[in-house]
Amino acid sequence: MALSREQLAMRVARELQDGYYVNLGIGIPTLVANYIPDGMEVMLQSENGLLGMGPFPTEEQLDADMINAGKQTVTAITGASIFNSAESFAMIRGGHVDLTVLGAFEVDVEGNIASWMIPGKLIKGMGGAMDLVAGADNIIVTMTHASKKGASKLLPKCTLPLTGAGCIHKVVTDLAYVEIEDGKFWLKERAPGVSVDEIVAKTAGEMVVPETVPEMGF
Amino acid sequence: MSGFDKTVNSYAEALDGLQDGMTIIAGGFGLCGIPEGCIARIREMGVRDLTIISNNCGVDDFGLGLLLEHKQIKKMVSSYVGENALFEEQLLNGELEVELTPQGTLAEKMRAGGAGIPAFYTATGYGTPVGEGKEVREFNGRQYILEEAVTGDFAIVKGWKADRYGNVIYRHTAQNFNPMAATAGKITVVEVEELVEPGELDPTGIHTPGIYVDRLVQGTFEKRIEQRTITE
C-alpha cells in the first residue's frame, strides 16, 4: 500500500532531532508538525518572520497580526521570536535552519527540483521556495512517486523550470524513501507492502537498488 | 511640521507629490501589515502606470488589489501573486507586467536599496528562470547570481506605534517587509495605529529609527484576515 499523507508526514518526522529549527512547506510538510515525538523540542520557522510557530489560535487568541507563511492565523509558542523578512531569509539563506521540508512536482538524479511553475498554467510565483532550497543543507522533498496517470516524478532530468539546482538529497514519496547521490537515486526504504519492482517501474531516473530494501514500519 | 516632528494631518498630505509612472515600495505580507490608508488614498488620487514592489498584490477588493480595479498598476515586482481574479485577467490581457522575485531576494533587494548597496550575490535562483540573463560568479566552489537593489519614489509602510520623531515599532508578524520598505523610499510614509510622544517608546526596542521616516500619519485599520484558521 502506498503511504497516506499522514504516514508520509510520520516518516519525515523520523528525520527530526531534538533542538532542530525546521521550516515546513505548505501541504503534506505542514502535517509533519503533528508527529513531533514526545519529549523532543523542535522550533518551527515560518519564513514571513516567525521562529517558534504554535498551533492555530482559539477564537479568543485569533489575531490578524499573527500569521504564518501560508497566510493562516497562528500562535507563537513560549520562547518564540518575531522579526522582519530580511532577517528571516538571512537565517534561511545563511544555512541556520536545520531541516527544510517541501513538496515538489519533479526531482532528478542531479538533485534538481521543480516545484513552482508549470508552463501554460497561470504562474503565481515561487514565494520563498527558491531561497529555502538554495539555503538549506538538509532538505526533504515529499511528493507522490508518480502522477495520477502513472508518470514518474523521479526523473533523469527535470522537465519543468527549476526551483533550485543540485540541492536535493532526500526524497520521501508515497512508495519509498530515496536518496540522491553521485547522479543516481539510491533506494533506501519501501512503503509497507510495496514491491521493489513497482518502485523501479515508477522511477524514470537511474536508481541503485540494494539486495534487501527494508520496509518502513508504522 | 518642525524639527524632527514627522507627523502630517492627512493621507493627502502624506502622499503629496505622488505622480503617474512612479515606483512605490510597499510593506506587508498577504493582507497582514499592509498600509491600508495609503492604498486607499492612492486609489482616490487615481495616479496610474505605477510600478509596485510588494511581496503580494492583495485580493480583489482589499489591499493592493484595489489599485487593479482602476488599472493603476503597470508593473508588480512580487514573489507570489494571483490571489485575485482581476490580477489574472489584466496579466493575460497584457495590461499588467509581473517580475517574479524570490521572497528572500525581494526582502534583500529592499534592504540593500535602503542601505546603499547597489547589488549583491545570492545562490537563490541560480540555475532557474530567475537566474537567466544575470551575472554569475563563483565563490568557494558555489555559483551565485547578481541581484540588483531596489528603491522607490515612495515607500508606504504600516507600523503599530510610532512617536512623532518617526521611531516605529511593528506588531507580531505584521512586521514582515515593512522595516526594509521603510529604508528604501525617497519619501517614506508610515501609517500607524497609535501615535505617541517621544520618550514613550523604549529606544532599545525601536524597529525603524526615525531617520528613515519622512511622513507619519495615524490611521484606522480593518486588518482583514486572509486565511482564518482556528483550533476548536
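## Close-up views of a predicted model

Figure 1. Salt bridges link Asp63(A), Asp65(A), Lys158(B), Arg171(B), Glu193(B) and Lys223(B) in a network. Asp65(A) is buried, with a relative accessible area of 2%.

**Figure 2. The salt bridge of Arg228(B) and Glu59(A).** The closest N and O atoms of Arg228(B) and Glu59(A) are 2.8 Å apart. The pair crosses between chains, with Arg228(B) in the segment after strand 11 (215-218) of chain B and Glu59(A) in the loop between strand 3 (50-53) and strand 4 (76-82) of chain A. Arg228(B) is partly exposed, with a relative accessible area of 49%, and Glu59(A) is also partly exposed, at 47%.

**Figure 3. The salt bridge of Glu197(B) and Arg164(B).** The side chains of Glu197(B) and Arg164(B) meet at an N to O distance of 2.9 Å. The pair links distant parts of the chain, 33 residues apart, with Glu197(B) in the loop between strand 10 (185-196) and strand 11 of chain B and Arg164(B) in the loop between strand 8 (152-163) and strand 9 of chain B. Glu197(B) is partly exposed, with a relative accessible area of 39%, as is Arg164(B), for which the value is 28%.

Figure 4. Asp174(A) is found in the loop between strand 10 (170-173) and strand 11 (176-181) of chain A. Leaving aside residues up to four places away in sequence, Asp174(A) touches residues including Ala2(A), Leu3(A), Leu8(A), Met143(A) and Ala191(A).

**Figure 5. Two hairpins that involve strand 11 of chain A.** Strand 10 and strand 11 of chain A pair in the antiparallel sense over 3 bridges, and the hairpin between them passes through 2 residues. Strand 11 of chain A also runs antiparallel to strand 12 (residues 184-190) of chain A, to which 6 bridges join it. Glu179(A) in strand 11 stands opposite Lys170(A) and also opposite Trp186(A) in strand 12 of chain A. In the hairpin of strand 11 and strand 12 of chain A, Asp182(A) takes a positive phi near 55 degrees.

Notes: Residues are numbered from 1 along each chain as its sequence is written. Chains are lettered from A and ligands numbered from 1 in the order in which they are written. This is a predicted model: local features need pLDDT of at least 70, side-chain atom pairs count only at pLDDT 80 or more; totals for chains, interfaces and linings use all residues. Side-chain values use heavy atoms; hydrogens and water are left out. Helices (H or I, at least four residues) and strands (E, at least two) are DSSP runs, numbered from the N terminus. Contact means heavy atoms within 4.5 Å. Two strands pair if DSSP finds at least two bridges between them. A salt bridge is a side-chain nitrogen of Lys or Arg within 4 Å of a carboxyl oxygen of Asp or Glu. Buried means under 20% relative accessible area, exposed over 50%, partly exposed in between (1.4 Å probe, protein chains only).
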